[in-house]
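Open the model in your viewer and keep the sequence panel beside it. We will go from stop to stop, selecting a few residues each time.

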Amino acid sequence: MNIAQIEANLQTLVGSLQPDTFVYDLLLAYDTPRSSIVRLQKGGLNLAKNEGELAWKKKFFFKTTQNEDLHALISGLRNDARVTKLDPRFIVVTDFQTLLALDRKTTDTLDIPLSDLPRHFDFFLPWAGMEKTQYQNENPADVKAAERMARLYDEIRKENPELTTPEAVHSLNVFLSRLLFCYFAEDTGIFEKGQFTNAIASHTQPDGSDLHTYLDRLFEVLNTPRNPQGLLAPPLLKGEGAGDAPSHGEVALPAYLAAFPYVNGGLFRERHYAPRFGRRSRQMAIEAGELDWSAINPDIFGSMIQAVVTPEHRGGMGMHYTSVPNIMKVIEPLFLDELCQSYEASKFDPRKLQKLLDRLARIKIFDPACGSGNFLIIAYKELRKLETKIHHRFLYLQQLATKKDPDQLELDLIPKEQIRTIISYQFNLFSGIALTQFYGIELDDFAHEIALLSLWLAEHQMNKSFENEFGIRKASLPLNPSGHIVHGNATRLDWEAVCPKRDGDEIYILGNPPYLGSSLQSPQQKEDMALVFKGIEGYKNLDYIACWFLKGADYIRNHNAQFAFVSTNSICQGEQVALLWPHLFRRNVEIGFAQTSFKWVNNAKANAGVTVIIVGVRNEQLKTPKYLFSENRKVLVTNINAYLAQGRNVVIEKKNEPLSNFSKMLYGSKPVDGGHLILTTEEKNEFVITYPESDKFIKKLSGSEEFINGLERWCLWITDDLAEEALSIDWIKSRVERVRQMRLNSSKVTTREDAKVAYAFGEIRFKQTNSIILPSHSSENRQYIPIGFLDEKTVISNSAFAIYDAEPWLFSVLTSRMHMTWVRAVCGSLETRIRYSSTLGYNTFPFPVLSERQRAELEECTWRIIDEREYHSEKTLAQLYDPDKMPEGLRQAHRANDAAVERLYRSRLFETDEERLEYLFKLYEQMLAEEKSRGTLFEKEKKTRKR
């Protein structure tokens, strides 16, 4: 039985609910054999002794009730010896209004109105022989904790509908972060084992009515220091059952509160009242505490918990965090690699090792779009790991220097003047790295609270690791102050006010700020852009992330600081390069490292990724190496330009005429017709049959989609001299009238003017000659944009570019890897698709002047490619240019063409696209300089051709 059938069975079950047979119908819905159900009904399999109960060994324990509290009932049954000895997989209780269930294997729980059972069909899938989805890539503890918290959060919101003001929502966010800390604390040695959860279960009413007041009192206790006798100073908790206050005025706590320690660290400092609880939410809070919170991973957990308060992100807990390997792609080249190299170079030099330790204690890490703190947490952990290696190294050197029979070769590596020092040196085996070295800005209030919490959790885990390594335990409490995480808009805040720059500081800014192209920005974000880019023209076409690059460049200027951001590749492609990077370079910064386009994926099951780059920016005066990362390669380069290629800081500006000796490229013709001048093949055939003489008014229409996917479309093509004749045909006249009305209703003046000639395309660039069609968009997976030749009867639409009366050799150049490499770098993209641009990709492409022999060679390459396509004429170009399915003959034809084009630039073929780009940028600068010095580079040759 498949899942769809199970879900349908459950819909039927709840639609015609029969209490007497409910449990048998439930088992039957999961394809339990009827023979087994009959045995259960007759008592053969039922081991329960009481009325209203049903027990099937290893399978389930089921109980119905009408007058008991279901939550109290299932809590009692889970520890009832007569139940546990049967080892049932599930415990199920119901009053036929609500259903509660416990999966004893996974500890998952279900608490739903019975009518919602079909939506939760997956809970009982083991009855059908199918285990519920197991989370292999995420940490199961993180996922379970996030799911439990999501259910608890929903229930709290349901019971507190008035929590809608920003202040109330903030209080709820703070409350949840405190709750999470208490769960973590009781499983990791900060509190006693189970102390918090047991306190809720033992000292609050089952209906949850007093839980909020209990938690308010507890959180005050956690924030208040004690004197040596464990007493609190008044007026805190005075009265309210606190007991008789001693004569000296201090307050004695009840034992169940006095058992909790003083936490500090700022987590419980501000007064935020707990929300009201009900019976169900109290039980959920207890069940959440029964998880093993020591197993959660703070660098993942924060983002998963963030999804708790964002219901649209609930679809896959874990889809919204950044994987550790991806974060390492940022922090390693930004600062970690250099620190590790310093460690390797200091392994036998105690003074240098001590300097490195001191340096680690001064480094500041700043994420101005920190979310729930992933980047900060990973950076913190990596610095702590390096610190641990240095401590181990100190101990090793001391052992080496004090051995009776040391390894003389290694001993000789220690500077002689330091041997005596290393023998007597008393090392400080405590971490010098503090959370106060970590800074962040986050707009989302809950994410801001979770970032603070996650840093505390990470610190505690690293302290436990430190204890395991050296046997020295740092007191868990009171908590140290957490990171400096500011709740606010990073585009509006003064970064230096958040993370002050002081003499001797070493600051690294990093993160994954919001991308958002110009068309996706909210009015608020557009205002942010206007403020950041005040006085800079063209900023409205930049992605939102450009704010972080400009503010980052201002922040690091003339200071010992660098930044590296994950970004969409669009800010290093197309027109955005000229709009952004000249302003950055004028601030005397440069690109220190870059990772070219790759899929930024996470560890979740639904592994959705976006194409991104990583760009590291630093001050020009740094002399450290520059590296370009691409496809698992790390290349040492002399300079990285704004296109993330090796070469000078050239910026490609739009050109209206070709730099090289190419024919003019035009946009295709644009209908501006509301679809009324466009015909399907069926409409065209019917029209021609009805009006045989009207064939002269129809032409084939081809744009990107039609050309690549082999689709047929047609259009009415009526010239001025034939307009009167065409409009005498009623069918044409009615379609043209609809075009006229559409244009008259337009907000554009030119479109309304064009209503006078509604029979014609709004923008006409068609020429009655053979043409080359070049689609304006193509899949990023294709190595080449599929281009081709069209006859003089085909109109190219505005979704493609047209080169009329083009010579065949130009086809060879445009479909070459050299040209494609240029296009990918300078034209930009639409989402992840290649977006071609005539003014950026075609008119700027640097290409040498050809001899007649070279033109002939390229023409041969052109016709070979066309011939290879013809061998597979049954396939569309989309199929032929699928990189996994491209016919070998066509692939070889393109490779031969690539080689022929590359030999025009130099005799030795290029080995990588990085080489190709570097060469093309140099040639572009040279040709542009020549063009400026001579007016137009090919001025003489063009005059010759006109004769």
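Start by selecting Glu-857. Its relative accessibility is 26%, so Glu-857 counts as partly exposed. Keep in mind that this is a predicted model.

Arg-853 and Glu-857 form a salt bridge, with the closest N and O atoms 3.9 Å apart. The two are four residues apart in helix 31, so about one helical turn separates them. Residues three or four places apart on an α-helix point the same way, because the helix has 3.6 residues a turn. Arg-853 counts as exposed, at 59% relative accessibility.

**Along helix 31**

Show helix 31, residues 852–870, and pick Glu-868 within it. Does Glu-868 have a salt bridge, or no salt bridge? It has no salt bridge, although it is buried. The nearest side chain of opposite charge is Arg-864, 4.7 Å away. A salt bridge here needs a nitrogen within 4 Å of a carboxyl oxygen. Beyond its neighbours within four places in sequence, Glu-868 is in contact with Gly-889, Leu-890 and Ala-893.

**Helices 33 and 34**

Select Arg-916 and Glu-902. They form a salt bridge, and their closest N and O atoms are 2.8 Å apart. This pair links distant parts of the chain: Arg-916 is in helix 34 (residues 913–934), Glu-902 in helix 33 (residues 888–902), and they are 14 residues apart. Buried or exposed? Arg-916 counts as buried at 5% relative accessibility. Glu-902 is buried too, with a relative accessible area of 3%.

Next, select Glu-53, Lys-63, Asp-80 and Arg-82. Salt bridges that share partners join these four into one network. The count for the model comes to 47 salt bridges.

**Helix 15**

Go to helix 15, residues 374–402. Pick Lys-385 and Glu-382, which lie three residues apart, about one turn of the helix. Their side chains meet in a salt bridge of 3.3 Å, N to O. Lys-385 counts as partly exposed at 43% relative accessibility. Glu-382 counts as buried at 15%.

**Helix 2**

Move to residues 22–29. Six of the eight residues in helix 2 are buried, so the rest of the structure largely encloses it. Select the buried ones: Phe-22, Val-23, Tyr-24, Leu-26, Leu-27 and Ala-29. Asp-31 follows helix 2, with a positive phi near 65 degrees.

**A hairpin**

Select strand 4 (residues 98–103) and strand 5. They run antiparallel, joined by five bridges. Find Ala-101, which stands opposite Leu-110 in strand 5. The two strands form a hairpin with five residues between them. In the turn, Thr-107 has a positive phi of about 65 degrees. Strand 5 (residues 109–113) is largely enclosed by the rest of the structure, because four of its five residues are buried.

Strand 19 (residues 771–775) is joined to strand 21 by three bridges. Among the pairs to pick, Ile-772 has Phe-789 in strand 21 as its bridge partner.

**Zoom out**

Show the whole protein. It has 35 helices and 25 strands. Of its 947 residues, 54% count as buried. The C-alpha atoms fill a box of roughly 110 × 90 × 55 Å along the principal axes. Finally, colour by charge: the mean positions of the 117 positive and 125 negative charges are 3 Å apart.

Definitions and conventions
Residues are numbered from 1 along each chain as its sequence is written. This is a predicted model: local features need pLDDT of at least 70, side-chain atom pairs count only at pLDDT 80 or more; totals for chains, interfaces and linings use all residues. Side-chain values use heavy atoms; hydrogens and water are left out. Buried means under 20% relative accessible area, exposed over 50%, partly exposed in between (1.4 Å probe, protein chains only). Lys and Arg count as positive and Asp and Glu as negative; His and the chain ends are not counted. The place of a charge is taken as NZ of Lys, CZ of Arg, CG of Asp or CD of Glu. Two strands pair if DSSP finds at least two bridges between them. Contact means heavy atoms within 4.5 Å.
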